[in-house]
Amino acid sequence: MGRGLILLSLLLGLLPFSRVQAQQYYLDLSHQSLSLPSRTVCVTQVVDGRPGKPVIGLVYRGLANQQAAVLFRRGLEVELTDFLRQQLPARPEDHTVVLCLRQLRVGEQMAGITEKASADLAADVYEQLPDGYHFVRSVAAHTSARALETTYLHAEHVAQLLQKCLEQLTTYHWPTTPTRPALTLAQVLTDSPIAIPAANAAPGVAQAARPAILQEAPRPGVYYSFGQFLANTPAPGLQAMADTVSFGFGAPLARRLWRGVPRLRVRILNEKNHSQSAKEIWGFSDGRQLFVQHEKEFFPLHRYHDFFTFVGETPPDVVYMQSRAQSSAAVMGGVVGAMIANNANNANDHTAEPMGYSVDMHTGQAGQFPNPLLPPPVRNDTAYIYLYRYADTAATPVSFSLDDQPVGQLKLREY
């Protein structure tokens with residue numbers, strides 16, 4: 001390896017989360033309601049078009065914080081269809097639509113003494129006409145909340161997301177729908193024509209199937225929203241200034257893995273060269289490299305096929321936190337108490353270790369990559385290897401090798 005290079009490898013087999021099958025938590029929408037006074041549609045059916053049809057998410061249950069898979073007791077399609085039919089009964093003037101889900105995810109994350117519950121929903125909407133199903137538009141929404149215990153919030157969040165998504169149809173220009181190709185229900189399930197959140201499109205206008213960020217080089221500037229990122233149209237009058245600072249905190253293993261890897265310090269400047277808060281921006285580009293904000297930090301964003309990935313940090317290690325809490329609370333004397341305390345002290349804290357994330361191209365939210373809710377890949381020995389070059393001033397490229405064979409070079413300020 002050349003001087004000034006840092007090698008960070010993330011073994012997929014060491015990811016801290018695994019697919020959960022033993023414990024289950026069922027979402028119950030029976031106590032939820034929708035309020036859509038301006039609605040123009042009735043939903044006759046919800047179909048599951050999510051790739052791989054994974055469980056909806058993972059939550060922590062009980063005093064032991066055991067992970068459980070989130071499901072609908074009677075199945076996702078049946079329960080969401082029944083819920084929407086009950087909440088939005090058909091009226092003669094309504095447009096009859098089918099929702100094809102492309103994303104539905106709920107999750108929890110420990111944050112000190114509180115928890116953060118989040119949820120994402122994205123769907124393609126099709127109007128059901130005599131000759132088949134005609135694409136209308138894509139809808140997408142995200143929500144999150146903090147509480148001491150958050151599992152009870154997930155049913156409410158799913159109802160909120162359904163309402164937010166259906167509200168996006170109130171301004172749609174319905175006469176344009178019949179001009180689009182008619183599909184069968186089987187084609188609806190396998191065809192995802194849209195990858196842009198409807199909330200970022202003009203009312204009544206269908207979005208392009210491939211966003212601009214996948215068709216052209218990123219333009220330098222600040223992306224306040226995910227929609228600006230997809231359209232590759234940075235916010236006018238703003239620029240991002242970034243430099244690197246040393247990074248090293250968290251568990252001892254995390255400190256070793258991240259040692260020397262640049263941590264970005266970002267300033268946002270307006271037209272008058274005054275600083276603005278960077279907390280609300282989605283990401284930025286320097287014209288060559290994209291950066292995304294995740295959990296109040298910025299990470300280099302890399303394209304992977306038709307979506308984007310980055311290496312961030314694992315959330316707080318719930319197992320380790322629970323082990324430490326049990327050790328502190330142990331009022332047991334003798335050998336048993338000593339063994340509990342010793343096991344807790346020797347436990348590994350995986351908080352802030354490197355972890356792969358991908359950006360959901362419907363909602364802009366980050367999720368673990370590969371998806372731990374899907375079956376593991378056939379090969380589990382794959383590794384990500386990221387090379388960073390220090391922000392030096394030398395114009396000479398730095399060469400690097402793999403298995404003693406030259407494989408590439410890093411030029412100035414390249415990743």
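User: Where is Thr-151, and why is Thr-151 called buried?
Analyst: Thr-151 sits in the loop between strand S8 (132-147) and helix H2 (153-167). Helices (H or I, at least four residues) and strands (E, at least two) are DSSP runs, numbered from the N terminus. Buried means under 20% relative accessible area, exposed over 50%, and partly exposed in between (1.4 Å probe, protein chains only). Thr-151 has a relative accessible area of 1%, so it's buried.

Before we go on: this is a predicted model, where local features need pLDDT of at least 70 and side-chain atom pairs count only at pLDDT 80 or more, while totals for chains, interfaces and linings use all residues. Residues are numbered from 1 along each chain as its sequence is written, and side-chain values use heavy atoms, with hydrogens and water left out.

User: Which residues is Thr-151 in contact with, leaving aside its neighbours within four places in sequence?
Analyst: Tyr-25, Val-59, Tyr-60, Arg-61 and Glu-108. Contact means heavy atoms within 4.5 Å.

User: And what makes Gly-237 partly exposed?
Analyst: Gly-237 has 29% relative accessibility, so it counts as partly exposed. You'll find Gly-237 in the loop between helix H4 (226-231) and strand S11 (239-245). Gly-237 and Glu-271 are 34 residues apart in sequence, yet their C-alpha atoms are 5.1 Å apart in space.

User: What makes a set of residues a nonpolar core?
Analyst: The residues have to be buried Ala, Val, Leu, Ile, Met, Phe, Trp, Tyr or Cys, joined through side-chain atoms within 4.5 Å. The largest one here has 40 residues, and Leu-80, Leu-84 and Leu-104 touch the most other members. Helix H2 gives the most to this core, with seven residues. Leu-84, for one, touches Leu-34, Val-43, Val-46, Leu-99, Leu-162 and Leu-166, not counting residues up to four places away in sequence.

User: How do you know which parts the predictor is confident about?
Analyst: Look at pLDDT, the predictor's confidence in each residue, from 0 to 100. The protein chain averages 80, and 75% of the residues score at least 70. Over residues 194-208, pLDDT stays under 50.
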